[in-house]
Amino acid sequence: MKQGIADGYLAPYRVTKSFINVDMEGYVAEEGEQDLFGKEIEESIFTRNSFGREIHITERQKVVAYRITQMMKVIGRMTKTIVFCPDQEEANIMRKLLIAMNQDMVSRYPNYIVRITSDDRVGKALLDNFIDPYEPCPVIATTSELLTTGVDCKTCGLIVIDKEVNNPTTFKQMIGRGTRIFEKKEKMNFEILDFRGATLLFEKGFDPEDTETKDYSDRKTLGYGEREEESHDNLGDGREKRDYSPKHHKKYFVDGREVKIVHDVVQYLGEDGKTLITEKLTDFTRKAIKKQYPTLDAFRGAWSHADKKQAIIDELAENNVLLDAVREENPALADCDYFDIVCHVAFDQKPLTRRERIDGVKKRNYLAKYEGQARKVIEGLMEKYGEVGVTNIENPQILSLNPFAQIAKRPRIMKGIFKSPEAYNEAVKDLENELYNIV
């Protein structure tokens with residue numbers, strides 16, 4: 001594969017490995033615990049190998065679906081995507097979760113997300129459209145085995161792995177769906193989003209001597225549990241790991257406890273086209289930001305002068321900056337806006353929450369420059385900033401929501417209270433500069 005990329009006939013890739021806490025720790029079924037259907041769960045420790053096959057953890061799948069959705073918002077909502085799931089049932093559950101999280105796209109494109117499996121007649125009927133580079137939909141296909149081989153999807157730009165893969169040949173076949181180059185649609189690279197540590201099967205590339213003889217026991221060092229062939233080992237406390245085989249198979253369904261991605265790792269080929277570089281997500285993000293904005297002043301200047309802050313966010317996304325993933329990984333950034341995430345990650349600035357920024361504006365008595373209904377609108381915008389962030393208050397549609405709708409209709413706010421749409425937009429921009437204390 002490295003040689004194919006170097007020669008220019010295979011697409012280079014970037015791997016994002018997402019580590020989920022329950023995958024690393026296992027799911028412990030307590031004595032007498034019942035699943036969502038009232039079935040008593042055999043007292044056991046379920047490892048990641050059994051997730052989706054022996055036990056379905058709803059909260060885990062929601063985390064996976066959300067991470068896929070966030071990545072597609074960065075690389076492009078119309079990027080052809082294959083999501084590999086443990087079985088056909090899990091593929092259907094993932095389809096429903098992704099539909100729920102992408103309602104804006106599904107409302108425009110009814111076939112935006114489909115399941116393509118051997119038992120899904122509707123999905124199979126749409127397979128030709130999925131692989132056709134000139135057909136926009138389906139965009140996301142959830143599957144188990146059907147798309148592993150024999151499918152030439154030239155524009156597939158994202159491969160998601162959420163099933164156990166222990167065979168290098170199978171792994172190569174799955175990744176092969178994304179290695180095509182299709183210049184007519186500007187498909188020159190692809191992404192791999194790995195939730196199962198499958199990419200350890202090609203840490204050194206696709207060379208046969210690397211993959212066929214590699215000892216995969218190093219998967220344990222990343223908290224992934226034992227190799228699948230060791231799944232019958234005793235756990236040391238009298239319980240045995242569960243044996244997945246048809247005669248023992250019965251799937252439990254549980255909500256799960258607190259499930260979250262604890263950290264991400266990014267891998268990509270270096271400029272020499274041969275070296276596989278591994279970085280923490282924050283390190284990768286820092287480099288990507290600094291390529292665009294070498295200094296804090298450069299970023300603050302661009303942020304201040306941008307008519308819409310969304311343009312900065314979109315520009316960063318085009319350069320593979322995964323701000324939402326960074327925020328998800330770092331709890332301290334949970335209530336921070338994109339501005340603070342960038343300043344903290346790239347320039348080591350102390351991050352402030354949106355609420356802290358609002359309090360700072362109030363302490364500086366900024367609102368004294370407004371009175372009456374205008375002041376109520378600005379106060380409302382500040383509160384909305386605290387709830388949903390800066391990119392949302394830039395959208396005039398927000399004036400159709402409460403508390404603004406209780407003050408006046410949107411045209412009246414813009415043309416009456418603020419005299420003109422231009423004056424209203426200037427007031428919003430001035431508020432933004434005050435929130436970030438940029439003068």
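**Burial and salt bridges**

Author: Lys62 is partly exposed, because its relative accessible area is 35%, and the word buried means under 20% relative accessible area, exposed over 50%, and partly exposed in between (1.4 Å probe, protein chains only). This is a predicted model, in which local features need pLDDT of at least 70 and side-chain atom pairs count only at pLDDT 80 or more, while totals for chains, interfaces and linings use all residues. Residues are numbered from 1 along each chain as its sequence is written, and side-chain values use heavy atoms, with hydrogens and water left out.

Reader: Which residue meets Lys62 in a salt bridge?

Author: A salt bridge is a side-chain nitrogen of Lys or Arg within 4 Å of a carboxyl oxygen of Asp or Glu. Here the side chain of Lys62 meets that of Glu59 at 3.5 Å, N to O, and Glu59 is partly exposed, with a relative accessible area of 28%. The two are 3 residues apart in helix α3, so about one helical turn separates them; helices (H or I, at least four residues) and strands (E, at least two) are DSSP runs, numbered from the N terminus.

Reader: Are Arg60 and Asp23 buried or exposed?

Author: Both Arg60 and Asp23 are buried, and their side chains form a salt bridge of 2.8 Å, N to O. Arg60 lies in helix α3 (residues 58–75) and Asp23 in helix α2 (residues 21–25), so this pair ties together parts that are 37 residues apart in sequence.
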